[in-house]
Amino acid sequence: MRKMPRGPMAAALLALLLVGCAYQPGIVERMPDDDPGRLLEQAQQQAPEQAALTRLEAADILARQGQRTQALEIAGDIDDGLLPGQARARWALLLSGLGEDLDDPWAVIQAGQDIDALDLSRDQADTLRQRLGLALLEVDEPGAAAEALLRAQADSDQEALNDPIWKALSRLDGRELSALRDGADDLTQGWLDLAELARSSAGDLERLFSRLDDWRERHPRHPAARRVPSDLLALRDLRGMEVDHIAVFLPESGPLSGVAGAIREGMRAHHLNAADGGSSARLSFIDASNSDLAALYREAENRGAQVVIGPLDKDQVTELENLDSVPLPTLALNYGHGERNQARGLFQYGLSAEDEARQSARRAWQDGHRRAVLMVPDNDWGRRVGEAFWSEWSERGGEVTNAVRYDPEGSVANAVRPALRVSGERARLGDIDMLFLLALPEYARQVPPTLDYYYASGLPIYATSHLFEGRLQPRLDHDLDDVQFIDIPWQIPDAAVGGEDALPFTTSYRQLREESDPALFRLMAMGVDAYELARRLPQFQAVPDSELYGATGTLRPGSDGRIQRQLPWARFENGVPRPILIPGLFGQGGRGGSSDNHDASSD
């Protein structure tokens with residue numbers, strides 16, 4: 001079996017899941033020579049199968065001698081497919097233990113990639129499966145992590161796995177949770193019922209714990225009934241602190257009034273639907289057009305508000321984030337200019353294109369790409385988004401081989417030719433294996449045909465949500481076929497969760513989708529999530545790892561209170577957004593996967 005790449009998430013990652021073991025130095029049978037340096041020299045002269053065994057022995061000796069970094073490097077470079085059964089199991093134990101000790105989750109994942117085929121005792125298998133699940137959780141693969149950890153708990157009944165299992169399940173969207181139900185055992189069904197119970201309680205803690213008590217009565221032997229996950233249990237301390245009154249700072253006039261109106265409409269509609277469901281907070285809208293922040297907060301306090309939504313203006317958010325603390329817990333509807341938010345009690349949330357760029361960089365890296373070219377508009381927006389992608393990409397070790405800032409009103413060919421270094425009507429892709437595109441729909445639709453013209457039809461394209469108008473237009477969008485892009489769940493329900501019925505806040509979605517201008521729909525969805533986030537601000541302060549599966553993505557606060565969005569991916573097929581289920585799997589031909597077989601020149 002080939003060695004799994006340390007950096008990217010290989011396609012086999014989500015199929016590996018089900019096995020386990022522990023790192024136990026010294027379990028490899030000893031060769032007469034215990035000098036690792038000499039063993040490594042011998043391996044250079046040996047046949048591949050014997051050399052793999054010799055390197056395994058050297059790595060084991062180095063681990064026992066405390067030279068774990070070198071041991072990890074040697075063990076990670078062994079082709080485990082060359083090892084016989086027992087030795088291969090020993091390699092997996094050694095590498096997974098070293099990976100855990102040295103905080104290298106990819107080493108643990110490499111060790112467990114074919115775990116069912118390893119000759120392990122039950123205890124070893126359980127331990128490796130646990131470590132595999134924790135490693136998958138660390139690299140933000142919650143679905144795979146949940147499967148591994150649930151299998152480990154099914155075999156061991158360990159309550160110590162409750163917290164990581166809960167963390168993994170909390171990060172899954174509706175479709176991923178539904179997928180786990182197929183063929184699920186009683187343990188998994190109990191966990192999924194608990195996750196659905198928590199999600200459907202909509203921030204109402206009294207309802208949540210009433211339902212939790214009922215669930216525990218129905219599942220008295222379940223590990224989570226015997227020991228409630230700590231993040232869930234921590235919410236008990238917030239009972240009686242529910243948010244019942246929210247002040248909303250939005251401008252009713254001025255340049256931001258249109259954006260504010262769409263957010264307000266979404267918030268009001270969802271608030272009324274929540275009230276019909278018996279769970280809502282009072283909203284007090286306060287015009288932020290001309291008042292200073294101090295006056296706005298005084299008015300909110302006079303009205304008895306417990307938390308604030310707003311302001312929307314970026315300069316006002318910057319003013320708040322430079323304070324030591326804010327007068328009331330606050331969910332700002334934009335991000336400040338600073339690198340970090342330092343104000344206690346201040347959270348910041350918005351539909352940031354920079355966030356989408358960073359997520360695109362992470363996804364492209366996981367798919368195995370390393371050399372990117374960028375096409376972004378020649379304006380401040382394009383500069384900021386391009387820099388966000390570049391920073392995230394470089395931090396992971398990727399290389400930006402070219403970047404073009406194009407004229408949005410100009411010819412697409414004029415941007416593609418320099419981006420791909422076209423020579424003689426052929427793109428030269430020797431140092432390019434993916435394209436990051438920031439473009440509005442009319443411009444974006446012209447990019448893939450232009451790449452095709454220059455013999456670059458196999459170049460994967462990763463894009464932000466801005467290329468999709470939010471309504472199905474197959475005849476217009478067929479030129480975007482095979483382009484990967486991210487968007488909010490409410491815009492791509494089939495790709496995100498398998499259909500409208502599985503969306504969060506379905507009643508509000510259907511009402512707003514029917515009544516709204518598609519161009520404003522994302523902002524209305526933002527209003528829905530702003531309301532839900534505001535109701536959970538005490539929860540976010542008490543349990544920083546809390547998440548909301550919302551209309552605009554899976555939302556969780558960062559360490560500085562800035563809300564981070566995790567968005568679903570889709571790709572166009574026949575002009576329609578379709579789901580991408582497993583990173584790195586599609587693209588054996590066609591745009592969006594491996595870029596090894598371009599039509600263009602590789603000079």
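Predicted model: local features only at pLDDT ≥ 70, side-chain atom pairs only at ≥ 80, totals over all residues.
Residues are numbered from 1 along each chain as its sequence is written, and side-chain values use heavy atoms, with hydrogens and water left out. Helices (H or I, at least four residues) and strands (E, at least two) are DSSP runs, numbered from the N terminus.

**The three-stranded sheet**

- Strands β11, β12 and β13 form an open sheet in that order, with antiparallel pairing; two strands pair if DSSP finds at least two bridges between them.
- At the edges are β11 (548-550) and β13 (563-566), each of which pairs on one side only.
- From one strand to the next, the twist averages 30°.
- Four bridges link strand β12 (residues 553-557) to β13 in the antiparallel sense.
- Helix α26 (residues 521-535) packs on this sheet and touches β11 and β12, with its direction at about 165° to that of β11. Here contact means heavy atoms within 4.5 Å, while axes are lines fitted to C-alpha atoms (for helices over the stretch in contact) and angles run from 0 to 180 degrees between N-to-C directions.

**The five-stranded sheet**

- A five-stranded open sheet has the order β2-β1-β3-β4-β5 and parallel pairing.
- Because β2 (282-287) and β5 (344-348) stand at the edges with a single partner strand each, one side of each is left without a neighbour in the sheet.
- Neighbouring strands of this sheet are turned by 30° against each other on average, direction ignored.
- Strand β1 (residues 245-250) and strand β3 (residues 307-309) run parallel and are joined by three bridges; Val 248 stands opposite Ile 309 in β3.
- Helix α17 (residues 314-321) lies across β4 (325-332) and β5, at about 155° to β5.
- Helix α26 lies across β1, β2, β3 and β4, running at about 160° to β3.

- Strand β6 (residues 371-377) and strand β7 (residues 399-406) run parallel, joined by seven bridges.
- Arg 371 has Glu 399 in β7 as its bridge partner.
- Between β6 and β7 the chain passes through helix α19 (residues 380-395), and this β-α-β crossover is right-handed (with the strands pointing away from the viewer, the path from the first strand over the helix to the second runs clockwise).

**Helix pairs**

- Helix α8 (residues 142-156) packs against helix α9 (residues 162-170) at an angle of about 150°, and their axes are 8 Å apart.
- That angle makes α8 roughly antiparallel to α9 (angles under 35 degrees count as roughly parallel, over 145 as roughly antiparallel, 65 to 115 as roughly perpendicular and the rest as oblique).
- The α8 and α9 crossing is left-handed; a crossing is left-handed if the near helix is turned anticlockwise from the far one by less than a right angle, and right-handed if clockwise.
- The contact of α8 with α9 has nine nonpolar, two polar and no charged residues (Ala, Val, Leu, Ile, Met, Phe, Trp, Tyr, Cys and Pro count as nonpolar, Asp, Glu, Lys and Arg as charged, and the others, Gly among them, as polar).
- Helix α25 (residues 506-515) and α26 pack at about 150° with axes 11 Å apart, and their crossing is right-handed.
- Tyr 509, Leu 512 and Arg 513 of α25 meet Phe 521, Met 524 and Val 528 of α26.
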